[in-house]
There are 2 protein chains.
Amino acid sequence: MPTRDDPWLALLTRAANPSPDPSPDPKQQRSRQRKQELLAAATRIFARDGIAKAKMADVAKEAGIAVSSIYDYYPSKEALAYEIPIQRLAQLYDAFLQQAAALPTMRDRLALFLTMTADHARENPDWARLLYLEIWPSVLIEEARVRRSVDDFGRIIVAMIREGARRGEWSADLDPHRTATILMGSITHMLITWLLYRRPHDLAAATGPMVDQLMGMLDRGVGL
Amino acid sequence: MPTRDDPWLALLTRAANPSPDPSPDPKQQRSRQRKQELLAAATRIFARDGIAKAKMADVAKEAGIAVSSIYDYYPSKEALAYEIPIQRLAQLYDAFLQQAAALPTMRDRLALFLTMTADHARENPDWARLLYLEIWPSVLIEEARVRRSVDDFGRIIVAMIREGARRGEWSADLDPHRTATILMGSITHMLITWLLYRRPHDLAAATGPMVDQLMGMLDRGVGL
DNA sequence: CACCAATTCCGAATATTATTCGCTTTTTAT
DNA sequence: ATAAAAAGCGAATAATATTCGGAATTGGTG
């Protein structure tokens, strides 16, 4: 059980509880549910056509409401699209937070985090398409909540690498940022090729060996 | 000097000479030059605003021509954007082809390829922004030339890893695709964070250690 | 040099699609 | 039962990519 004051744990806890949507929550129950349905419909359409090419008319039809009603919930197409990654990323962080507590070493936790990331994408491919192919690399995102939600991913990995070094699980000479770049880059690249080409064919089976190979790099302090 | 029939060399040679633009080359000299100027102007505007948000009016102004004239050269905004990566990627492959010949081992060649990729992005940041942040991950690209140009990157690395294993430079048990994913993912992720946040601050200085750490993984057959 | 045909160039329509507006219907609270 | 608030919608509006028709420019040829 990690102690309360591990920096990585504090970071993770904050990431699992993102600042709420600043737009006022709809008053009526019906409407709050509609808002979620609309988000789900938008996720499907945006994943199918890409954010830029997707038409609001298609989103409206998928959600079963009028086009102009969309604007009662979200101020623009962009805002609608950018709302998508935040909730599910927070779910991932939260689920990891629960499961990580049971593991004794940072090595195991780091491996779990990478594995859960891949599994999460595999289980929510529409969401993953939007996140990894459109939103993550987007130059255009200025909205702070989205930026933070995505950036937290890197921060969590860096903090875990630091903590593992502090505990002596691997060499303290490994540059944490460089190592985090390798871990994140490898996993996201695997996911991107899977989303684009369905290679590897069996993502679930490929994730284990990938994580092993990456963790092996940490264990042996390669490249120093 | 590699022998003529190395598969990786054949692949690289083809990649360095992409199939030409299928649209007819303009007849007049003036026009051929305009076409290049237009592409350069579009690169700047698209890198600044993103492809989706960039206005054809801005591209036209930057190029010093009328909006409608753009359509005399490229059939659509998309086609204009997608033409950008192809030429420079081919330049990169070609430059690597020249320099690789002087190196004795696949290990050195692979390291050079990764290094040159990072340098190429650093020297052409506008182009790199478009390629790595917008075009590479795009769901939407159906045009075969662009797809191939980008996919060649992965194919070249896989082929080099295979050739190195064949020569006994590293263990034949390393899965080439998985290892290629790690190499590509790490380098492109480093470039993406540099393009988005200018981290690492000094990309040129960070590239060497990154490549060393990655090559160390190959040398020692980590993760098996 | 003068002319023609091909090419290049452009301003003004056209089409598509995100967004706004004003009104109607539904819900909630008293 | 009623009024106020909220949610919903069809019809304008606006921004902008693309098309069109003709004017200007160029390169070749007698």
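## Salt bridges between the two chains

A salt bridge is taken here as a side-chain nitrogen of Lys or Arg within 4 Å of a carboxyl oxygen of Asp or Glu. In this predicted model, the count between chain A and chain B on that rule is two salt bridges. The side chains of B:K53 and A:E78 meet in a salt bridge across the two chains, with 3.0 Å from N to O.

The elements that give two or more residues to the side of chain A that touches chain B are α7 (125-135), α8 (144-166), α9 (176-197) and α10 (203-219) of chain A. The largest share of that side, twelve residues, comes from α9(A). Sorted by kind, the residues of the side of chain A that touches chain B divide into 18 nonpolar, twelve polar and ten charged.

In terms of contacts, 40 residues of chain A are in contact with 41 residues of chain B. The size of an interface is often given as the accessible area lost when the parts come together. Chain A and chain B bury about 3500 Å² between them, and 61% of that area is on carbon and sulfur atoms.

## How the two copies are related

Two copies of a chain are related by a rotation about an axis and a shift along it. In this model, chain A can be laid on chain B with an RMSD of 0.0 Å by a turn of 180° and a shift of 0.0 Å along the axis, which is the relation of a two-fold axis. In chain A, the C-alpha nearest the axis is that of A:G185, at 2.2 Å from it. The same surface serves both copies, since 100% of the contact residues of chain A recur in chain B.

## Pairs within chain A

Over all chains, the count comes to twelve aromatic pairs. One of them is formed by A:F96 and A:F113, a tilted pair with 4.8 Å from centre to centre and 55° between the planes. A:F96 lies in helix α5 (residues 77-100) of chain A and A:F113 in helix α6 (residues 106-123) of chain A, so the pair ties together parts that are 17 residues apart in sequence.

The count of salt bridges over all chains is 24. Among them is the one in which the side chains of A:R155 and A:D152 meet, with 2.8 Å from N to O. Because A:R155 and A:D152 are three residues apart in helix α8 of chain A, they are separated by about one helical turn.

## Backbone in the loop between α9 and α10

Most residues other than glycine have a negative phi, and most peptide bonds are trans. Against that background, the peptide bond from A:R199 to A:P200 is cis, with omega near -5°, and A:P200 has its place in the loop between α9 and α10 of chain A. A:R198, which also lies in the loop between α9 and α10 of chain A, has a positive phi of about 55° although it is not a glycine.

In chain B, the peptide bond from B:R199 to B:P200 is cis, with omega near 0°. B:P200 lies in the loop between α9 (176-197) and α10 (203-219) of chain B.

Definitions and conventions: Residues numbered from 1 in each chain as written. Chains lettered and ligands numbered in written order. Predicted model: local features only at pLDDT ≥ 70, side-chain atom pairs only at ≥ 80, totals over all residues. Heavy atoms only, no water. Least-squares fit on C-alpha atoms with pLDDT ≥ 70 in both. Contact = heavy atoms within 4.5 Å. Buried area = accessible area lost by both parts, 1.4 Å probe. Helix = DSSP H or I, 4+ residues; strand = E, 2+ residues; numbered from the N terminus. Nonpolar A, V, L, I, M, F, W, Y, C, P; charged D, E, K, R; others polar. Phe/Tyr/Trp six-rings, centres within 6.5 Å; stacked < 30°, edge-to-face > 60°.
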